[in-house]
Amino acid sequence: MTKAMTGAKMVVQALRDQGVEVVFGYPGGAVLPIYDEIFQQNDIRHILVRHEQGAVHAAEGYARATGKPGVVLVTSGPGATNAVTGITDALMDSIPLIVLTGQVPTFMIGSDGFQEADTVGITRPCTKHNWLVKDTHSLSATIHEAFHVATNGRPGPVLVDIPKDVQFASAEYQPKARAKTDRYQPKVKGDMDMITGLVEAIETAERPVFYTGGGVINSGPAASQLLRELVEATGIPITSTLMGLGAYPASGRNWLGMLGMHGLYEANLAMHGCDLMINVGARFDDRITGRLDAFSPRSRKAHIDVDPSSINKVVQTEFPIIGDVAHVLEDVLKVWKARGRKVNRDAIQRWWAQIEDWKKTDCLSFKPSPKTIKPQHALARLEALTKGRDRYICTEVGQHQMWAAQYLGFEDPNRWMTSGGLGTMGYGFPASIGVQIAHPDALVINVAGEASWLMNMQEMGTAVQYRLPVKQFIMNNERLGMVRQWQELLHGERYSHSWSEALPDFVKLAEAFGAKGIQCSDPADLDDAIEEMLAYDGPVIFDCLVEKHENCFPMIPSGEPHNKMLLGEASTQDAIKEGGAVLV
Amino acid sequence: MTALNIKKGSTKHSAYNLRPSFSEEIETHTLAVLVDNEAGVLARVIGLFSGRGYNIESLTVAEVDHEGHRSRITIVTTGTPQVIEQIKAQLGRMVPVHDVHDLTVEGRSVERELALLKVEGTGDKRVEALRLADIFRAQAVDSTLTSFVFQITGTPEKVDAFADLMRPLGLVEVARTGVAALSRSVQK
């Protein structure tokens, strides 16, 4: 017999049963009973953020750095609406989150009560699923189902809206084992005929390429291991989306670097010229494909994805395989080995010769300056001084994000936290807090732009309160760099509202919060300043004053295919044509 | 760089021009979607269609299994073959959705709709309306000296045809249920 308990106690008990160690949240009237229960226990740690958006991004950072779901607890009305950006971010990047929101009591729903919002209505399109729990009897089972839905199939955020009277009322607790999970059971094993078809294509392909994405990371460490084994054994080159960095090590011999709008020359040309494209856990996003009718025109395409709606959504594939990446790769390897481990060695050797030729372009080269710090140089030095350490990198959104993806190397999955799909400025700082909570002794760096960073700067309070030694590496160009770059390329250098005139003194700002501030503007001082940041045991704001008008290259102008890349300043004149100008 | 003169709706070669190589032919499909009858399930389905820009020609919903809390949603939608496939995949991955059947491709099916039509008029027009109703096997379910309410069941095309004929005879109001559909049984 299970015993009766209040709804609020049930919430805490259900989280405990689900193995939750940390909750990111912010209290308010409609969740007070749950906060009272949190107060009276020590199993679950609550991290008090400074804004609900920060709670969700922190939970995302925690989830991405651990592979476990992140948990958020916020109040009704503004608490829930402030969380919406983070929830949408998690949906776009397939991050498992359980968001618990308070709600006005059931008898007040619909009366426009104080701090009432139609939370399930507002979040219906930005969650994988959501529930309004109107009866304490179904509360614990709903929370268990929420964890099941968030973490199975393609992961994503779910939300459980809990009215205050449901938190106060008592009912019998349903343990995890008795929760209903049968109605959501996505397929994880791929179709064997299709897998055999793919293996046959691998055996004969002359110019194959692996195009991998966040699905490999989400599938778990085994997926990355299997991918590495398959890539090494077949000798096939591999590139990855922004979301998939770290699944295959940057130091691996088959690594081409990131692909896409700001991807590497060799990676994009390999995509354009391949005859077999093997998409593993990516979704043919518009940042990746560029102009669709000229996307990899001569290739057969395979697509491994756990979400059936990703298949043939954008690009039609010859080998659609619906299943979890780890399960499918295991079967691909098994079939490939059983059939004699065949590949078209001679042709792949010629393919590599072509790729090596493309690599000579050295598309990431830049001209360092003795006077000002180039942002690329700053990241190259950060990479050199932190390589090999137990390191986690977060980013905000913009030029710095692309430079971080280009100049930092990721050797393992779950080490790279960035807002890919939604492109949420303000993501990185709270995400770095979530990562540091998960890995207290690791080096956690948020590579930021000053504009993005200011969007959630209130979380300095959280970092200081919990003594989280997160390093905020702000590349300060006093500009919205990516907006400025597009205005230069597309809008006749009319820099409409893309610079800040009243930036704070970041060193004083750090000190005001009780943290350490470092400013660096001279390339000669950069290494010492970075070392000083790394050596400090506590949160640091590193104000790195960089070249103000640097552009991010390589770049595929919107509306162009992979083989029309811009490599540097000289090639940017009239780069974006009429058709491309309407795109973001 | 000169000011760009972008034509409205100029999305040729755009990242959102999602179907360059797919068939562009618009097809009409009838989908039967079995869902848990729970709060918000219809909003979820409708939100999917509006949020992703799919069309709804008609939609009916009612509980069909009271004990199992199952409802059946019948949706008539239009789109290219690739969009239709997307709609089915998007519906299929929703948590409260148990089954999605495309009645248009899964063998033959029966489609029926019920409509009520109010026709006002006197004299010859009134007689003609009654005569046509008889031909269409529509029933007069309400009548006054100057009006009828006809009830007609049939395929949407039959209802359309009847409404077209009633229009010159004094049609003032129409209420339609939308399509309910079932696949036909196979002779064993």
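Start by selecting A:Y466, which sits in the loop between α19 (460–465) and β18 of chain A. The model on screen is a predicted one. Is A:Y466 buried, exposed or partly exposed? A residue counts as buried with 20 or more other C-beta atoms within 10 Å of its own, and as exposed with 12 or fewer. A:Y466 has 16 other C-beta atoms within 10 Å, so it is partly exposed.

**Helix α20 of chain A**

Select residues 481–490 of chain A, which form helix α20, and colour its buried residues: A:G481, A:M482, A:R484, A:Q485 and A:L489. Why do these residues lie on the same side of α20(A)? They cover an arc of only 160° around the axis, and this puts them on the same side of the helix. In an α-helix there are 3.6 residues a turn, so residues three or four places apart point the same way.

Then show what covers the buried residues of α20(A), which includes α16 (399–407) and β17 (443–449) of chain A. Just after the helix, select A:G492, where phi is positive, at about 60°.

**Domains of chain A**

Colour chain A by domain: domain 1 is 4–173, domain 2 is 192–359 and domain 3 is 375–545. The centres of domain 2 and domain 3 of chain A, taken over C-alpha atoms, are separated by 31 Å. Where the two meet, 14 residues of domain 2 of chain A are in contact with 13 residues of domain 3 of chain A.

Which elements give two or more residues to the side of domain 2 of chain A that touches domain 3 of chain A? They are α9 (214–219) and α10 (221–234) of chain A. Coloured by class, that side of domain 2 of chain A shows nine nonpolar, five polar and no charged residues.

**Strand β14 of chain A**

Select residues 319–322 of chain A, strand β14. A:F319 and A:I321 point one way from the strand, A:P320 and A:I322 point the other way, and all are buried. In a regular strand, side chains alternate between the two faces of the sheet. A:A302 stands opposite A:F319 in β14(A).

**The sheet with β4 of chain A**

Move to another open sheet of six strands, in the order β3-β2-β4-β5-β7-β6 of chain A, with parallel pairing. Its edge strands are β3 (45–48) and β6 (129–132) of chain A, and each pairs on one side only. Neighbouring strands of this sheet are turned by 20° against each other on average, direction ignored.

Helix α4 (residues 78–92) of chain A packs on this sheet and touches β4, β5 (97–103) and β7 (157–163) of chain A. The direction of α4 makes about 165° with that of β5(A). Within the sheet, two bridges join strand β2 (residues 22–25) to strand β4 (residues 70–74) of chain A, and these strands run parallel. A:G25 has A:L73 of β4(A) opposite it.

**Chain B**

Finally, select chain B, which has four helices and nine strands. Of the 188 residues in chain B, 24% are buried. Colour domain 1 (27–102) and domain 2 (109–183) of chain B separately. Seven residues from domain 1 of chain B and seven residues from domain 2 of chain B take part in their contact. On the side of domain 1 of chain B that touches domain 2 of chain B, β2(B) gives the largest share, three residues.

Terms used:
Residues numbered from 1 in each chain as written. Chains lettered and ligands numbered in written order. Predicted model: local features only at pLDDT ≥ 70, side-chain atom pairs only at ≥ 80, totals over all residues. Domains from an automatic or database assignment. Pairing = 2+ DSSP bridges. Axes fitted to C-alpha atoms, helices over the stretch in contact; angles between N-to-C directions. Nonpolar A, V, L, I, M, F, W, Y, C, P; charged D, E, K, R; others polar. Arc of directions from axis to C-beta.
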